[in-house]
Amino acid sequence: MGKEIVAMILAGGRGTRLKELTAKVAKPAVYFGGKYRIIDFPLSNCANSGIDVVGVLTQYESVLLGTYVGSGTKWGLDGNNSLAAILPARERGEVGATWYAGTADAIYQNISFLDQYDPEYVLILSGDHIYKMDYEEMLNVHKEKGADLTVAVLNVSLKEASRFGIMNTDDKGYIYEFEEKPEKPKSTLASMGIYIFSYKELRKYLIADAADENSKHDFGMNIIPAMLADKKKLYAWTFDGYWKDVGTVESLWKANMDLLDENTLNLADPDWPILSKSTLQCPHFVGTHAKLSDSLITEGCYLDGTVKHSIVSDGVTVERGAEVVDSVVLSGAKICAGARVVKTIVGENAVIGKKSSVGASGDETHVSPYCSGGVSLVGSDVHV
């Protein structure tokens with residue numbers, strides 16, 4: 001069908017470090033920012049970048065995620081020449097039923113999907129990162145540099161570099177070496193897990209990798225090293241905007257708190273909207289005893305207590321005398337009269353009982369989002 005570029009979003013992650021939040025929900029489907037789910041960000045980036053064919057590769061707890069993405073209507077990906085396709089791990093011909101064995105294998109198992117569009121380029125994305133990026137800018141650089149692969153990279157501190165795949169480049173930005181989580185990094189250019197491949201090259205390497213029984217079938221561990229060994233042109237494109245991998249309870253909480261800083265990630269930008277499913281609930285109600293400050297409040301809430309520096313999702317109740325500080329309260333949760341919630345993620349439909357206390361203790365009325373210490377988590381449907 002001759003599409004210039006097709007995007008493939010890897011959205012099958014289990015997200016075990018998010019603990020109870022992903023017990024029954026795939027990581028990309030976890031709520032974020034009051035009214036969004038994490039996968040809204042890469043899908044919105046695709047829509048805003050003019051990419052109109054997107055494959056969403058699912059595996060763990062795929063039903064809710066697949067239902068949420070649907071046909072892509074929320075992101076304008078349901079036209080005559082556009083599509084959001086759910087691509088779960090599935091039984092294939094003589095191969096039988098198999099899970100995706102790695103990031104590269106997930107794309108390999110969907111070569112037939114890519115072939116029907118015969119793209120010049122393939123954009124590989126993760127479904128569990130929070131950021132806004134114009135992929136067209138990255139594609140233009142890929143073309144200018146004549147690259148076989150362009151990797152989006154982020155400049156991190158030398159201390160953080162050992163946590164990432166590090167790209168070592170020459171003075172023109174071409175990659176000559178890739179190191180996976182090196183003890184002594186040679187640079188601070190960390191891979192964001194965002195790749196643009198020229199599809200003819202990608203296809204050859206995926207087929208060769210699938211035939212290698214010793215491969216981990218992973219882009220970082222196998223495909224990129226193989227291309228470097230063959231002297232292919234790999235370029236590092238540096239991204240200088242906000243980006244967060246929300247892989248832990250602490251990082252998810254921190255990314256939510258970052259939304260309260262208008263200079264960090266502007267969700268109200270009309271030129272780059274983050275699109276999501278509307279909850280179609282009534283407006284939120286603020287009672288006479290409510291004290292609200294520095295917070296994001298979603299529709300359908302009943303608030304008659306104190307909410308300070310927090311994210312409140314749809315359908316949440318905060319009763320009179322209750323206090324919510326530096327916290328993320330997910331859909332349908334109830335904070336009962338006299339309860340105190342500080343530096344905590346409260347799961348969907350959880351109930352914090354009367355005069356209960358969750359999170360930081362003592363006489364604090366506000367805990368800085370940058371303070372040290374852990375973040376408390378109350379799982380979905382839990383009654384404290």
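Modeller: Let us start with burial, where a residue counts as buried when its relative accessible area is under 20% and as exposed when it is over 50%. Please keep in mind throughout that this is a predicted model.

Biologist: With that cut-off in hand, is Asn256 buried or exposed?

Modeller: Asn256 has a relative accessibility of 1%, and therefore it counts as buried. This residue sits in helix α8, and its side chain reaches the backbone oxygen of Leu252 at 2.9 Å. A polar atom of the Asn256 side chain also lies 2.9 Å from the backbone nitrogen of Gly33. Leaving aside residues up to four places away in sequence, Asn256 touches Phe32, Gly33, Ile311 and Val328.

Biologist: Which helix holds Trp253, and what does its side chain reach?

Modeller: Trp253 is placed in helix α8, which spans residues 249-258, and it counts as buried because its relative accessibility is 3%. The side chain of Trp253 reaches the backbone oxygen of Asp326 at 2.9 Å. Sequence separation and spatial separation should be read apart, for Trp253 and Leu18 are 235 residues apart in sequence and 10 Å apart in space, C-alpha to C-alpha.

Biologist: What does Thr344 touch, and in which strand does it lie?

Modeller: Thr344 lies in strand β27, residues 344-346, and at 0% relative accessibility it counts as buried. Its contacts, not counting residues up to four places away in sequence, include Trp253, Asp326, Val328 and Leu377. The side chain of Thr344 also reaches the backbone oxygen of Val342, at 2.8 Å.

Biologist: What is found at the N-terminal end of α7, and what follows the helix?

Modeller: Asp218 caps the N-terminal end of α7, with a side-chain oxygen 2.9 Å from the backbone nitrogen of Gly220. After α7 comes Lys231, whose phi is positive, near 60°. Among the buried residues of α7 are Phe219, Ile223 and Met227.

Biologist: How many residues of α1 are buried?

Modeller: Helix α1, residues 40-48, is mostly covered, with 7 of its 9 residues buried; Phe41, Leu43 and Cys46 are among them. Just after α1, Gly50 takes a positive phi of about 80°.

Biologist: Now I would like to turn to strands. Which strands does β10 join, and in which directions do they run?

Modeller: In a regular strand the side chains alternate between the two faces of the sheet. Strand β10 (residues 149-155) is joined to β14 by 5 bridges, and this pair runs parallel, whereas 6 bridges join β10 to β13 in an antiparallel pair. Thr150 has Tyr235 as its bridge partner in β14, and Val153 has Ser191 as its partner in β13. Since 9 of the 10 residues of β13 (residues 189-198) are buried, that strand is largely enclosed by the rest of the structure. Strand β14 (residues 234-238) is also largely enclosed, because 4 of its 5 residues are buried.

Biologist: What is the strand order in the open sheet of 5 strands?

Modeller: The order is β16-β19-β22-β25-β28, with parallel pairing. The edges are β16 (285-286) and β28 (351-352), each of which has a single partner strand, so one side of each is left without a neighbour in the sheet. As for β16, 2 bridges join it in parallel to β19 (residues 302-303), and Val286 has Leu303 as its bridge partner there.

Note on methods. Residues numbered from 1 in each chain as written. Predicted model: local features only at pLDDT ≥ 70, side-chain atom pairs only at ≥ 80, totals over all residues. Heavy atoms only, no water. Buried < 20%, exposed > 50% of the residue type's maximum accessible area, 1.4 Å probe, protein only. Polar contact = N/O pair within 3.5 Å; in protein donor to acceptor, adjacent residues only side chain to side chain. Contact = heavy atoms within 4.5 Å. Pairing = 2+ DSSP bridges.
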